[in-house]
Amino acid sequence: MSNPKHTREDALAFHLEPTPGKFEITATVPMTTQRDLSLAYSPGVAVPCEEIAETPETAYDYTNKGNLVAVISNGTAVLGLGNLGALASKPVMEGKAVLFKRFADVNSIDIELDTEDPEAFIQAVKLMGPTFGGINLEDIKAPECFIIEQRLKEEMDIPVFHDDQHGTAVICAAGLINALHLTGKKIEDCKIVLNGAGAAGIACIELLKAMGAKHDNCIVCDTKGVIYQGRTEGMNQWKSGHAARTDARSLEDAMRDADVFLGVSARGAVTKDMVASMADNPVIFAMANPDPEITPEEAHEVRVDAIVATGRSDYPNQVNNVLGFPYLFRGALDIHARAINDEMKIACAQALAELAREDVPDEVAMAYGRKLSFGRDYIIPTPFDPRLIYTIPPAVAKAGMETGAARRPIVDIENYELTLKSRMDPTASILRGLNARARSKQATMVFAEGDDERVLRAAVSYQRSGMGKALVVGREDDVKMRLDGAGLGDAVRELTVVNAANTTHLETYKDFLYERLNRKGFDRTDIHRLAARDRHVFSALMLAHGHADGLVTGATRKSAHVLGLMNHVFDVSVGDDVVGVTAILHRGRIVLITDTLVHEWPDETDLANIAVRGAEVARTFGLDPRVAFVSFSTFGYPVSERAEKMHMAPKVLDARGVDFEYEGEMTVDVALNTQAREAYPFSRLTGPANVLVVPARHSASISVKLMQEMAGATVIGPILTGVDRPIQICSTVSTANDIMNMAVIAACNVK
C-alpha cells in the first residue's frame, strides 16, 4: 500500500479547517438550566471537593482524572525535524492527543513547556500530577529525556511514559517475538545488534534484556562504532550500562553472524554485505524514519531468508507506536495504575504478538487491499485491527494487577473486555472500509464543477489518496488559476481537465440526448446548449457513455436543480425507484435518513420502496439494516391521518417478505433509544434503528440540517441510489472533505 501524496497546502488546510487545531473540549453533563450550573459549579461542586479532600482516591470517581492523559513536550526533538521549540511542537502534540482518543477513547490534552532545563521541566510536570491519570512525554532530546522520565517516575504516583523510547521498544519486541517464533530461535541464544544509542534504541535493548536477551549477546553501536567495555569516547551513563565484552569495533564487525539487527539510526547505515554476513534466517528491524537503514528489497536481494520490518506503512511489518501507547495507557488508567512497569510493557508486546497469529478480520484485509495472515510479511498487527482495543488493555491491566501497580484492580475481566468493545467508534471503521473499497476499485471519477476551489481540492485529494483518476469539468485556464489560488499549482499536471471543447464525443453525446428529449420539447439548439454548456449535463453524458465510473456534483447548485438536470440523461424522477439516502455520523453512531432528495410526499408503497433502498445502502456501509418508519405517532397513538401511511408501510413490507428488520410507526426516541423501546416489548427491532424512513422530503431535510447545525454531526449525502450509474449530489455547503467523501461513495458503486 503506497503512501498518499500530501502537499504543504494539504497539511495546512487540514489543520486550519473547519476550525484551527485538531480537537475541542465538550461537556459530558447537561449545562443548560440553573440547576445544572449549580451542580456543576457553585454551590454543588463543593460536595465532591470535600469528598476528595477526605479520600483522595475518589478523584477518580468524581473527576475526569482517571481517563485523562497529558501529552507533554519541550519541542527539543520534534519528529525528524530537530529542536523546533515548544510552540512549533504543538501540532504534533495535538496529533498525539487525538490518536489517544481515536484508538483507545482516552481523553488527552497537549502541554508544551518552554524550557530546555530538565529541572524546570521536571518541576512543572510534577506540579500537574493531581490533574492527570497519566503523563505521556514526547519529542524530548536525549540524554535529557532519560533524566526527566526517571525522576518523574520516582517522584509521581501516576504512570509516566516517554513514548519515543518505550513505544518503539514495545512494538519492536512484539515483532521480534513472532520473528523468533517463525525462525525457531530463542531470545536468550540470539546475537542482537542495535545501531542507534538514543532514546528509542536504549529502550529497545533494555526491554529485550528484560525479556531474556543476554547482556554480552547484545552489541550496541552509535556513530562512533561499537559500545564496548573500556570505551571512553562519546560515552554517557546510559550507553555505559550496555557496553559489551566484544572485540567488534564497527557495525560491520558486529553484524557478522548476528541473528537480529535493530536500527533506530539513519538511512543507508546497513549495507547488503552486512546483511549477507548475518546468521541464517536473520531478523532485520530497520526502523529509521522516513527512510530505513536498508530497504526490504535491498535486504532480500542478498538474503531471501530475512524477516524485515521498517517504520513505514508502505512496507510489510510496520513498527508503529500507535499499536502500543493508546492501549498501554487504556489498561493502566483502568486499574488506576501508579506506573507502567516492564511487566506491563512485556504483556503488551506478548498480546500484540499473539494477536498477529490469529486469523485477520476481513475488514482489516479490505483496509489494506490484501489478505493478511501470520508469516514473514505479517508479524505485527495493523493499526486498524478492531480487536486491539479489547485485546491489549486487558493484558496490560492483568500485568499491572499482578505486579502491584494497580490501585483499583479489575474484578471481572470478561466484563471489562465487553466495556472496551463498547468504546469502539463504528463510524471510523465504516469510513475506513469505504475508503479501502474505493481504493481497490480505482474508479475514474468526474468532478463536475471545476470552477469551485472546494471541488478542485477534493479532486486532487481523491487522486493523491490513491483512489483512482480524477476528471475535472472546466476550462483549463480557469482550473489552473483556481488551483494556484488554492496553493495546489503543482496539481495541474496531475488532474485531467475535460470539457465540450476538448472532447471527441460531443456529437455522440448530443445524439443520445436528442433521442431522450426530442419529445419533451427540446430541439437541436436546446440539446447543444445542454450538452456543450451545462457542466452537470456534460458530466452525466460522460458517465452514461462509460467515459467515467462515477460522478460527483451539486456543490454549486441546489440539489433539486441538479437532480432535474441529471434527469435529462438518467431516469431519476419520482416513479423511477430512485431514493436519496443521507448518512448522519455523530458520537460514534451512524443513522441513515431517507428520502432526502426525490420523493416530496411518498405514499405507503413509496415508503416501502424507500425502506428497501435504505436497507441496501446500510448493507453497503457494513450495517445490518434495522429500519424504523418514524412519525409523531407510535403504533397508532395518537391517531392521525398524517401518520396513517407510516402505519401502513410496514404492512407493505410484510407482504413482500423482505430480509431485514423493520418496524413502525414510531417516534424517533423509540426508534433510537433502547430504554424508550422497552415500553414496546412486541417491537420487531432487536436494537436501535439505523435507517429512518421519514414521512416527507421536508421532514427529512429538516432532520438532517438540524443534526448538522445543532449537534455538529458529520453528514454524507444525499446518496443517490437506484440509478444505473453512481451519481452523488453534494450540498452547496459541502467542504472539500465532504465532496471527497461523496466521491468515495460513488467509487464504491453505491447506486
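**Salt bridges, helices and helix packing in the predicted model**

Glu453 is partly exposed, its relative accessible area being 36%. The structure described here is a predicted model. Glu453 belongs to helix H20, which covers residues 453–464. Although Glu453 and Gly485 are 32 residues apart along the chain, a distance of 8.4 Å separates their C-alpha atoms. A further pair concerns Glu149, which is placed in helix H7 (residues 144–155). With a relative accessibility of 5%, Glu149 falls under the 20% limit and therefore counts as buried. Glu149 and Asp452 are 303 residues apart in sequence, and their C-alpha atoms are 51 Å apart in space.

Salt bridges were then examined. The count comes to 46 salt bridges. One of them joins Asp110 to Lys90, with 2.7 Å between the closest N and O atoms. This pair links distant parts of the chain, 20 residues apart: Asp110 lies in strand S2 (residues 107–112), and Lys90 lies in helix H5 (residues 90–104). The two partners can be described by their accessibility. Asp110 has a relative accessibility of 8% and counts as buried, whereas Lys90 is partly exposed at 30%. Both residues also belong to a network of salt bridges that links Lys90, Glu94, Asp110 and Glu112.

A second salt bridge is formed by Asp259 and Lys185, the closest N and O atoms being 2.8 Å apart. Lys185, with a relative accessible area of 22%, is partly exposed.

The buried residues of H9 are Ala199, Ala200, Gly201, Ile202, Ala203, Cys204, Ile205, Leu207, Leu208 and Lys209. Just after H9, Gly212 adopts a positive phi of about 125°.

Helix H26 (residues 604–620) comprises 17 residues. From the first C-alpha to the last, H26 reaches 25 Å, close to the 24 Å expected at 1.5 Å a residue. At the start of H26, a side-chain oxygen of Asp603 comes to within 3.1 Å of the backbone nitrogen of Thr605. Residues buried in H26 are Leu607, Ala608, Ile610, Ala611, Arg613, Gly614, Ala615, Val617, Ala618 and Thr620. An α-helix has 3.6 residues a turn, so residues three or four places apart point the same way. H26 is followed by Gly622, which has a positive phi near 85°.

Helix packing was described for two pairs. Two packed helices are described by the angle between their axes and by the distance between the axes. The axes of helix H22 (residues 506–517) and helix H23 (residues 524–533) come within 9 Å and cross at roughly 125°. This angle makes H22 oblique to H23, and the crossing of H22 and H23 is right-handed. In the other pair, helix H14 (residues 325–334) packs against helix H17 (residues 388–402) at an angle of about 55°, with the axes 8 Å apart. H14 and H17 are therefore oblique to each other. H14 passes H17 in a crossing that is right-handed.

Methods. Residues numbered from 1 in each chain as written. Predicted model: local features only at pLDDT ≥ 70, side-chain atom pairs only at ≥ 80, totals over all residues. Heavy atoms only, no water. Salt bridge = Lys/Arg side-chain N within 4 Å of Asp/Glu carboxyl O. Helix = DSSP H or I, 4+ residues; strand = E, 2+ residues; numbered from the N terminus. Buried < 20%, exposed > 50% of the residue type's maximum accessible area, 1.4 Å probe, protein only. Expected span 1.5 Å × (residues − 1). Polar contact = N/O pair within 3.5 Å; in protein donor to acceptor, adjacent residues only side chain to side chain. Axes fitted to C-alpha atoms, helices over the stretch in contact; angles between N-to-C directions. Parallel < 35°, antiparallel > 145°, perpendicular 65-115°, else oblique. Left-handed = near helix turned anticlockwise from the far one by under 90°.
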